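Me: I'd like to go through this structure with you, one question at a time. Could you take a look with me?

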Amino acid sequence: MNICVIGTGYVGLPTGVGFAELGHKVVCVDKIKAKIDALNAGKITLFEEGLEELFRKNAASGDIKFTTEISEAVPNADIIIIAVGTPPRAETKEADMRYIYEAASEIAERLSGYTVIAIKSTVPVGVGDDAEKIIRDKNPKADFDLVSMPEFLREGFAVYDFFNPDRVVIGSNNGRAKTVIEALYDSYKQKPNILYTNRRSAELIKYASNAFLAVKIHYINEIADLCEKVGANVYEVAHGMGLDSRIGSKFLKPGPGYGGSCFPKDTGALAYIARKANVDLSIVEMAIKGNGERKIAMANRITDALQGVAKPTIAVLGLAFKGGTDDVRESPAIEIISELLKKGFRIKAYDPEATASAKAIFGDRIEYAVSANDAAKGADVLVVLTEWEEFKSISLKELQMRTKVIVDLRKTFDKQIAIADGFTYIGIGE
Ligand code: NAD
């Protein structure tokens, strides 16, 4: 099939590369010329495990192409996948649909032959209706169906999730697009389960899922706070809870709060949708509030660990919002470091992939280390803010710190081993 993907970000690029790998002809479009130039020059523009290899292979074979010109991609496409950003508005946290509507408008006059337009971006309920109207108003003769195709991939696992999705949800108001969708997913070695719903349900499934996961994380963080007060251990509590198949063990790991480009944005957007619909979604509202406060509480925990240390240096491990990505959008690490900078601390940070993204935010206000050992050298506290696998193999004995204190907000180290190695260990919920 001929596939056009609009937007080459964390969703669009793995999606385009994935479909090319499955044998389709893909053209990816992005407005940012620098991104397209880089991709055309064979340089990947973001980090995702396993993506670069597939990108190079399919770019070399010509199965995936990149352009800034939507007119080069749309007319031949059997399916157009819209994967542009849907950022929050600053005041209300309402999702801003400007890029979706722009893309719809740009597509409209270039459609030729029957085309399925699939919105993969996360959009509020009813945006599919609005985008369809934009296209119909601009090009009444266009032969198309517009479906909602929400994306559930996890950053850091985008390639794996593309080829092994838990579920594919397609929201459509008629059955005509089904043939194209079925053909698209027939190319999978093992065809995923496809759930067909009406378009508005599909749009809400995405928000309801992300908000549920965010609430689950916030819940275990609150339980962790309670564990600290009553002498329980949150890891034992979470393990015991997770054995109940109705609860499940995932997303029960306490930490410095949820972040990333999705959970904060999507909880805010869902809360806004509910307020507008006069529905009390207080559980989501409380998670948003509590999650914001948690970052401050964690920064205070680090400050407390430095009591009595003159001119302390903080070694930070992790800048990305989670392991396996270079994405620092709404990263708890970024927010916590910002709080610590307000208090005037010197910060030396290390991240395996996200240093360049963090430099765009902090510039020279913090120092960037080339390894965990480099960050820790001469520091007064080692703070773990992101759960990178590589941090687990750090040998605490070898760290040349000035003061041996660890604030481990990701349960990277074993508390008993850290204590045996002469560290003061401050964790979460134990
Ligand atoms: P992103 O910001 O990384 O990428 C969006 C890209 O779209 C940018 O490169 C931008 O230049 C491009 N763009 C915007 N308007 C365009 C236009 N008219 N024509 C061509 N290109 C255009 O965003 P992302 O993280 O990939 O997220 C995209 C959508 O997918 C969002 O709605 C997000 O909520 C959703 N989503 C993201 C994830 C994730 O893990 N990042 C997971 C699931 C869903």
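This is a predicted model: local features need pLDDT of at least 70, side-chain atom pairs count only at pLDDT 80 or more; totals for chains, interfaces and linings use all residues.

Me: Where does H24 lie?
Reply: Residues are numbered from 1 along each chain as its sequence is written, and side-chain values use heavy atoms, with hydrogens and water left out. Helices (H or I, at least four residues) and strands (E, at least two) are DSSP runs, numbered from the N terminus. On that numbering, H24 sits in the loop between helix 1 (12-21) and strand 2 (25-29).

Me: Is H24 buried or exposed?
Reply: Buried means under 20% relative accessible area, exposed over 50%, and partly exposed in between (1.4 Å probe, protein chains only). H24 has 5% relative accessibility, so it counts as buried.

Me: Which side chain does that of H24 join in a polar contact of 2.8 Å?
Reply: A polar contact is a pair of N or O atoms within 3.5 Å; within protein, one must be able to donate a hydrogen and the other to accept it, and residues adjacent in sequence count only if both atoms are side-chain atoms. At 2.8 Å, the partner of the H24 side chain is that of S187.

Me: Which residues are closest to the ligand?
Reply: A residue is near a molecule if one of its heavy atoms lies within 4 Å of it. The ligand is surrounded by 26 residues, and the closest are D30, K35, T86, E155 and K265.

Me: How far is a polar side-chain atom of K35 from an oxygen atom of the ligand, and how much of the ligand does the protein bury?
Reply: For K35, the distance from a polar side-chain atom to a ligand oxygen is 2.6 Å. Taken alone, the ligand exposes 840 Å² (Shrake-Rupley method, 1.4 Å probe), and the share of this that the protein buries is 91%.

Me: Where does the ligand lie relative to the two domains?
Reply: The bounds come from an automatic or database domain assignment. Both domains give residues to the shell around the ligand, so the ligand lies between domain 1 (2-197) and domain 2 (207-290).

Me: Which residues of helix 14 are buried, and what arc do they cover?
Reply: In helix 14 (residues 355-362), the buried residues are T355, A358 and F362. They lie on the same side of helix 14, because the arc they cover around the axis, taken from the directions to the C-beta atoms, is only 65°.

Me: Which exposed residues are on the face of helix 14 turned away from its buried side?
Reply: An α-helix has 3.6 residues a turn, so residues three or four places apart point the same way. On the face turned away from the buried side, helix 14 carries the exposed residues A356 and A360.

Me: What is the phi of N278, and is this residue buried or exposed?
Reply: Most residues other than glycine have a negative phi. N278 is not a glycine, yet its phi is positive, at about 55°. This residue is in the loop between helix 11 (263-276) and helix 12 (282-305), and with 73% relative accessibility it counts as exposed.

Me: What is the relative accessible area of K93?
Reply: K93, in the loop between strand 4 and helix 5, also has a positive phi, near 70°. This residue is partly exposed, and its relative accessible area is 41%.
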